[in-house]
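This report goes through one protein model, from its surface to a few single residues. Please keep the sequence and the structure in view while reading.

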Amino acid sequence: MDCETLIESAIRILNTSDPHEKARLGDSIAVKWLQGAIAEPYDPTVDFPVPDRPARLPVKLVSPSLMPKLGRAGSLQSRQAIVHSLAHTESWAIDLSWDIIARFGKQEKMPRDFFTDFVRVAQDEGRHFTLLAARLEEIGSSYGALPAHDGLWDSATATSHDLLARLAIEHCVHEARGLDVLPTTISRFRNGGDNETADLLEKVVYPEEITHCAAGVKWFKYLCERSKDPEFTISSKESDDSNEEIINKFHSVVREHFRGPLKPPFNAEARKAAGFGPQWYEPLAVKESNA
């Protein structure tokens, strides 16, 4: 048995700056947790500081509004830019998954299933980063060669004191946005003659991202149910998709923490597979009236 707890391991990953090493270490920790070699999620008597910002190798960062256009995958330059952008997103997704474990797992007294779900998410994100970074090399570039933005971590910082907000914004808004745009991205790579990247996105990244979004929806619902019934467990009864109280709470959390309306068109099929229907997100695509 490993005497390091899962939260200690998560912090070690967050403090690892090289993204390839971060992904490798994350995979090895995930395997230990899933096989039971890491026995405890945390030590109830010890608090470890979670870094405000994970260690990262320097990538040229620009404001999201100043990012060069990625193009439509018709040219090699555009394909490199899109794969680089996806790899960058996945590198942050690794940190976000370990951060939600380290920052909120003990603080919110989350059940063991919460840790396991986000360990699986972290392991997937690490694999996605590794595969996309390798693909980037195959098409003549490398991770860090192009500018990127850190909008995902800006949202994480803004929700660092509120697990409900973190789940809603990162996993039910940003991750779901990824589900909305990935089918178009896949088509563009196919049309550009790059079936290898299209296959990687379609067969590996896309189906797994649905499960990541589902983890966000599942634990958002759980926290809402637990706030009414402290004895609520995820196995007692999965809350149904049309619980008006939970949906209204989702709307209020997103409006508070996300600037502007959500951007259609929505991938209704993938969102439904992740556990939330149009009543969750369509009202958020309309700008709120102050009247």
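## Surface and overall build

The protein exposes about 14,000 Å², and carbon and sulfur atoms supply 52% of that area. Accessible areas come from the Shrake-Rupley method with a 1.4 Å probe, and for residues only the protein chains shown count as cover. The model is predicted: local features need pLDDT of at least 70, side-chain atom pairs count only at pLDDT 80 or more, and totals for chains, interfaces and linings use all residues. Residues are numbered from 1 along each chain as its sequence is written, and side-chain values use heavy atoms, with hydrogens and water left out.

There are 10 helices and zero strands in the protein. Helices (H or I, at least four residues) and strands (E, at least two) are DSSP runs, numbered from the N terminus.

The radius of gyration of the protein is 19 Å, which agrees with the value near 19 Å for a compact globule of 291 residues. This radius is taken over C-alpha atoms, and the globule rule is 2.2 Å times the number of residues to the power 0.38. Along the principal axes, the C-alpha atoms fill a box of roughly 55 × 55 × 30 Å.

Of the 291 residues, 50% are buried. Buried means under 20% relative accessible area, exposed over 50%, and partly exposed in between (1.4 Å probe, protein chains only). Among contacts (heavy atoms within 4.5 Å) with a separation of 6 or more, 78% are between residues 24 or more positions apart.

## Charges and salt bridges

The protein has 34 positive and 44 negative side chains, and the centres of the two sets lie 5 Å apart. Lys and Arg count as positive and Asp and Glu as negative, while His and the chain ends are not counted. The place of a charge is NZ of Lys, CZ of Arg, CG of Asp or CD of Glu.

A salt bridge is a side-chain nitrogen of Lys or Arg within 4 Å of a carboxyl oxygen of Asp or Glu. By this rule the count comes to 21 salt bridges. Three of them are listed here.

| Salt bridge | Closest N and O atoms |
|---|---|
| Arginine 53 and aspartate 150 | 2.7 Å |
| Lysine 228 and glutamate 245 | 3.8 Å |
| Aspartate 199 and lysine 203 | 4.0 Å |

Aspartate 199 and lysine 203 both lie in helix α7 (residues 195-228), four residues apart, about one turn of the helix. Aspartate 199 is partly exposed at 27% relative accessible area, and lysine 203 is exposed at 59%.

Arginine 53 is partly exposed, with 41% relative accessibility, whereas aspartate 150 is buried at 10%.

## Two single residues

Which helix holds glutamate 125? Glutamate 125 is part of helix α4 (residues 112-138). This residue is buried yet has no salt bridge, and the nearest side chain of opposite charge, arginine 127, is 8.6 Å away. Not counting residues up to four places away in sequence, glutamate 125 touches Glu90, Ala93, Ile94, Ser97, Glu175, Glu209 and His212.

Alanine 55 sits in the loop between α2 (19-35) and α3 (76-104). Its relative accessibility is 23%, so alanine 55 counts as partly exposed. Threonine 16 is 39 residues away along the chain, but the C-alpha atoms of alanine 55 and threonine 16 are separated by 5.7 Å. With residues up to four places away in sequence left out, alanine 55 touches Leu14, Asn15, Thr16, Ser17 and Lys22.
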